[in-house]
Amino acid sequence: MAIKAKWKKNNQVYLFLGVGFVAYKAMMAANALHMISPEVDSKEIGMVALCDGKGEVGWVDYQEVEIVEIDGERPADLLR
């Protein structure tokens, strides 16, 4: 099964490999008071693995990707 996806940032078409999540957690301690109770920021971001024609893999935010073809057919045609 081949799935083609367009990265909206550059309009290039890549092969879709799969999905995953990136998570981060950052603690900020600006002064001695924050050392007692530091400010914590955390987030999970959905990511999509894409592959170019050279086989190089990259991860991009899922909101920046559009599936354009599945096994040679447009997604809309498969849903009819």
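Predicted model: local features only at pLDDT ≥ 70, side-chain atom pairs only at ≥ 80, totals over all residues.
Side chains of opposite charge can pair when their charged atoms come close. A search of the whole structure finds 5 salt bridges.

Begin with Lys4 and Glu69, whose side chains meet in a salt bridge with an N to O distance of 3.5 Å. Lys4 sits in strand β1, residues 3-7, while Glu69 sits in strand β5, residues 65-70, so the pair links distant parts of the chain, 65 residues apart. Both residues are partly exposed: Lys4 has a relative accessible area of 34%, and Glu69 has one of 25%.

The strands β1 and β5 are also linked by Lys6 and Glu66, which are 60 residues apart. Here the N to O distance of the salt bridge is 3.9 Å. Lys6 is partly exposed at 23% relative accessible area, and Glu66 is partly exposed at 36%.

The next pair lies in loops. Glu64 forms a salt bridge with Lys9, with 4.0 Å between the closest N and O atoms. Glu64 belongs to the loop between β4 and β5, and Lys9 to the loop between β1 and β2, 55 residues apart. How exposed is Lys9? Its relative accessible area is 63%, and the cut-off for exposed is over 50%, so Lys9 counts as exposed. Glu64, at 23%, is partly exposed.

Finally, a network of salt bridges links three residues: Arg74, Asp77 and Arg80.

Key:
Residues numbered from 1 in each chain as written. Heavy atoms only, no water. Helix = DSSP H or I, 4+ residues; strand = E, 2+ residues; numbered from the N terminus. Buried < 20%, exposed > 50% of the residue type's maximum accessible area, 1.4 Å probe, protein only.
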